[in-house]
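These are my notebook entries on one structure, kept in the order in which I looked things up. The sequence and the model come before the entries.

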Amino acid sequence: IPGFYVREINALACASCVDWLLRSFFPELNGASPDYATLNRLAASAPPGAHGLYCLPHFAGCGARDWNPEAKAAFWGLTLASSRSDIVRALYEGLAAEIVKGAILLDADRKQALTVSGGLSRSEPFCQILCDMAQRPLRRCRTPQATAFGAFLSACVALGVYPSFQAAVDATNAAAAEERLLPNTQNAAL
């Protein structure tokens with residue numbers, strides 16, 4: 001959209017990290033149609049802070065802010081009491097923390113909503129963890145492939161199907177295609 005820009009932050013390979021966890025530790029949930037719903041239920045069943053289990057999610061190096069392709073991932077605080085739920089929760093929290101540390105650099109206005117899209121945005125617990133860590137409202141695109149949808153809208157405007165971007169958004173009901181989450185202030189400190 002002429003005159004508008006998107007400030008974007010990412011943590012490298014977020015959804016790939018979740019797929020790795022599913023393949024490596026939950027083979028019964030992996031298959032032709034991976035059972036992400038069960039993985040999400042496990043994450044939601046662990047308390048914030050995952051009983052002291054932490055994950056540094058640099059499985060594909062470290063992205064925005066520190067940019068280090070040689071960085072490695074780690075779980076720490078793992079004990080005999082750590083559960084599978086704690087491991088999933090710790091991964092989600094680690095990924096969310098990476099996104100939040102980058103978002104802080106991009107936006108001094110900590111009250112402005114974060115917008116998420118992509119495969120991991122389908123995870124209700126992940127989105128709530130991200131919202132809680134950022135202590136900001138979160139807008140989740142109902143169409144996880146927001147980039148492709150934006151390209152479609154741009155093409156429609158360029159080809160004259162719609163006279164403006166606003167008309168394209170209105171005609172496709174794109175503005176309504178999002179969900180808003182609010183942060184839980186009690187979870188932020190954890």
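Entry 1, terms and model. I note at the outset that the model is predicted.

I looked up A50, which sits in the loop between α2 and β1 (54-56). I found its phi near 45 degrees, a positive value in a residue other than glycine. I then turned to H51, whose place is also in the loop between α2 and β1. H51 is not a glycine either, yet its phi is positive, at about 55 degrees. Are A50 and H51 buried or exposed? I recorded A50 as buried because its relative accessible area is 1%, and a value under 20% counts as buried. H51 has a relative accessible area of 60% and is therefore exposed, the limit for that class being over 50%.

I checked the length of α3, which has 23 residues. From its first C-alpha to its last, α3 reaches 34 Å, close to the 33 Å expected at 1.5 Å a residue. I also looked up its covering and noted that 18 of the 23 residues are buried, so that α3 is mostly covered.

How many salt bridges does the structure hold? I recorded five. I keep in mind that side chains of opposite charge can pair when their charged atoms come close.

I took the pairs in α3 to begin with. The side chains of R89 and E93 form a salt bridge at 2.8 Å, N to O. Both residues belong to helix α3 and stand four residues apart, about one turn of the helix. I noted R89 as buried, and E93 likewise. E98 and K101 also meet through their side chains in a salt bridge, at 3.3 Å, N to O. These two lie in helix α3 as well, three residues apart, about one turn of the helix. I found both E98 and K101 buried.

I then looked up E124 and R140, whose side chains meet in a salt bridge at 2.6 Å, N to O. This pair links distant parts of the chain, with E124 in helix α4 and R140 in strand β4 (residues 138-141), 16 residues apart. I listed E124 as partly exposed because its relative accessibility is 37%. R140 counts as buried because its relative accessibility is 8%. Salt bridges with shared partners join E124, R140 and E179 into one network.

I searched the whole structure for cavities of 30 Å³ or more and found one. The largest cavity holds about 80 Å³ of space. Which residues line the largest cavity? I listed P48, G49, R89, E93, I129, D132, M133, N187 and L190. The most comes from α4, with three residues. By class, the lining of the largest cavity divides into four nonpolar, two polar and three charged residues.

I looked up the second largest pocket and recorded a volume of about 210 Å³. Its lining consists of A15, V18, D19, Y36, N40, Y92, G119, L120, R122 and S123. The elements giving two or more residues to this lining are α1 (14-25) and α2 (36-45). The largest share, three residues, comes from α1. I sorted the lining of the second largest pocket into five nonpolar, three polar and two charged residues.

C14 is in no disulfide, and its nearest cysteine sulfur, that of C17, is 6.3 Å away. I noted C14 as buried, with a relative accessible area of 14%. C62 is in no disulfide either, and the nearest cysteine sulfur, that of C14, is 11 Å away. C62 is also buried, with a relative accessible area of 4%.

Methods: Residues are numbered from 1 along each chain as its sequence is written. This is a predicted model: local features need pLDDT of at least 70, side-chain atom pairs count only at pLDDT 80 or more; totals for chains, interfaces and linings use all residues. Side-chain values use heavy atoms; hydrogens and water are left out. A disulfide is a pair of cysteine sulfur atoms within 2.5 Å. Buried means under 20% relative accessible area, exposed over 50%, partly exposed in between (1.4 Å probe, protein chains only). On a 1 Å grid over the protein atoms alone, a cavity is a set of points where a 1.4 Å probe fits but cannot get out, and a pocket is an open set with protein on both sides within 12 Å along at least five of seven lines; lining residues have an atom within 4 Å of a point. Grid points are joined across faces, edges and corners, and a volume is the space filled by probe spheres set on the points. Ala, Val, Leu, Ile, Met, Phe, Trp, Tyr, Cys and Pro count as nonpolar, Asp, Glu, Lys and Arg as charged, and the others, Gly among them, as polar. A salt bridge is a side-chain nitrogen of Lys or Arg within 4 Å of a carboxyl oxygen of Asp or Glu. The expected span of a helix is 1.5 Å times one less than its number of residues.
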